[in-house]
Amino acid sequence: MPDLALQVLLLLFLAAMLAGFIDAIAGGGGMITIPAMLLAGIPPLQVLGTNKLQSLFGSGSASWAYARHGHVDLKGQLPMVLTAALGAIGGALLATVIPVDWLKWALPFLLVGIAVYFGLKPDIGHVDRHQRMRPKVFALTFVPAIGFYDGVFGPGTGSFLMLGFVALAGFGILKATAHTKFLNFGSNVGAFAVFLVHGAVLWKVGLLMGAGQFLGAQFGSRFAMKQGARIIKPLLVTVSIALAIRLLADPQHPLRVWVASF
């Protein structure tokens with residue numbers, strides 16, 4: 001593809017910075033970066049691969065910031081990050097050979113369900129709650145499943161991980177946010193490796209947006225640690241609903257195509 005104009009690259013940098021800020025708090029950064037790259041004229045496959053590259057900077061930056069303040073033990077979480085990465089590798093490989101229209105059907109409704117769950121649960125805050133799933137079972141089942149989803153499709157991965165950490169692992173919402181970012185880093189690594197092998201990464205764009213992601217994630221993680229559940233919970237609900245609306249607004253969404261056929 002031809003080189004992008006300087007002003008377009010600047011806009012992509014700013015979009016990535018905003019995405020990094022939001023993603024470090026509530027997930028959903030891809031809702032900003034993927035449309036931005038598509039509008040810049042980047043082909044869809046290169047958008048997916050480049051998005052994984054720049055997302056590495058955001059999720060890695062946020063993970064490091066949360067770890068420095070004691071909200072996540074990076075070394076202790078490495079096995080779980082590995083299962084997320086392996087799941088993402090499987091998902092990305094599958095995405096190269098089969099359509100994923102069924103995920104597009106279901107995803108908006110799942111995201112609305114997540115928004116309703118967090119919006120109506122008054123006791124979700126800083127304090128850890130009762131575990132409904134043992135850590136090893138959680139790491140070997142739920143985590144690779146969401147990693148697989150991130151590799152095969154992607155939007156809403158942070159929301160799904162947040163739901164799992166709160167509802168199944170019993171984490172408080174700030175602790176869940178911190179762990180979500182590190183696992184998201186792992187799934188990004190796995191999916192990125194597959195897209196890299198397939199030559200679907202634009203390095204100049206990805207690294208530039210990665211710098212924006214890094215800065216945005218630093219600001220976002222510090223803001224989340226300062227404000228806690230007061231900002232994380234409403235932003236998570238807002239991002240989940242916004243992502244669902246964004247997906248349904250696509251004229252090519254299977255549900256809209258199905259309705260239009262009548």
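This is a predicted model: local features need pLDDT of at least 70, side-chain atom pairs count only at pLDDT 80 or more; totals for chains, interfaces and linings use all residues.
Biologist: Why is Lys-52 called buried?

Modeller: The relative accessibility of Lys-52 is 8%. A residue is buried when its relative accessible area is under 20%, so Lys-52 counts as buried.

Biologist: What makes Leu-38 partly exposed?

Modeller: Leu-38 has a relative accessibility of 41%. Buried requires a value under 20% and exposed one over 50%, with partly exposed in between; Leu-38 therefore counts as partly exposed. Leu-38 is part of helix α2, residues 30-39. Apart from neighbours within four places in sequence, its contacts are Pro-44 and Val-47. Leu-38 and Leu-140 are 102 residues apart along the chain, and their C-alpha atoms are separated by 35 Å.

Biologist: Into which category, buried or exposed, does Phe-160 fall, and how do you know?

Modeller: Phe-160, in helix α7, has a relative accessible area of 11%. The limit for buried is under 20%, and Phe-160 is therefore buried. Leaving out neighbours within four places in sequence, Phe-160 contacts Leu-107, Leu-110, Ile-114, Phe-142, Ile-146, Tyr-149 and Pro-155. Phe-160 and Gly-210 are 50 residues apart in sequence, with a C-alpha to C-alpha separation of 23 Å.

Biologist: What makes α7 oblique to α8?

Modeller: Helix α7 (residues 157-167) and helix α8 (residues 173-197) pack at an angle of about 130°, and their axes are 9 Å apart. That angle makes α7 oblique to α8, because roughly perpendicular covers 65 to 115 degrees, roughly antiparallel begins over 145, and the rest, apart from angles under 35 degrees, count as oblique. The crossing of these two helices, α7 and α8, is right-handed.

Biologist: Why is α1 called roughly perpendicular to α10?

Modeller: Helix α1 (residues 6-26) and helix α10 (residues 229-249) pack at about 115°, with axes 9 Å apart. This makes α1 roughly perpendicular to α10, because the range for that term is 65 to 115 degrees. The α1 and α10 crossing is left-handed. Ile-22, Ile-25 and Ala-26 of α1 meet Ile-232, Leu-235, Leu-236 and Val-239 of α10. By class, this contact of α1 with α10 has seven nonpolar, no polar and no charged residues.

Biologist: What describes the packing of α4 and α6?

Modeller: The axes of α4 (residues 78-95) and α6 (residues 135-152) come within 6 Å and cross at roughly 35°. The crossing of α4 and α6 is right-handed. Among the residues that meet are Gly-87, Gly-90 and Gly-91 in α4, and Gly-147 and Gly-151 in α6. The contact of α4 with α6 holds 13 nonpolar, six polar and no charged residues.

Biologist: How many residues has the largest nonpolar core, and which of them have the most contacts inside it?

Modeller: The largest nonpolar core has 64 residues, and Leu-12, Tyr-66, Phe-118, Phe-165 and Val-205 have the most contacts inside it. Helix α1 gives the most to this core, with nine residues. A second, separate core has ten residues, including Leu-56, Ala-88, Ala-191 and Val-201.

Biologist: Which residues does Val-205 touch, not counting those up to four places away in sequence?

Modeller: Val-205 touches Leu-4, Leu-9, Leu-12, Met-37, Ile-42 and Thr-50.

Note on methods: Residues are numbered from 1 along each chain as its sequence is written. Side-chain values use heavy atoms; hydrogens and water are left out. Axes are lines fitted to C-alpha atoms, for helices over the stretch in contact, and angles run from 0 to 180 degrees between N-to-C directions. Helices (H or I, at least four residues) and strands (E, at least two) are DSSP runs, numbered from the N terminus. A crossing is left-handed if the near helix is turned anticlockwise from the far one by less than a right angle, and right-handed if clockwise. Contact means heavy atoms within 4.5 Å. Ala, Val, Leu, Ile, Met, Phe, Trp, Tyr, Cys and Pro count as nonpolar, Asp, Glu, Lys and Arg as charged, and the others, Gly among them, as polar. A nonpolar core is a set of buried Ala, Val, Leu, Ile, Met, Phe, Trp, Tyr and Cys residues joined through side-chain atoms within 4.5 Å. Buried means under 20% relative accessible area, exposed over 50%, partly exposed in between (1.4 Å probe, protein chains only).
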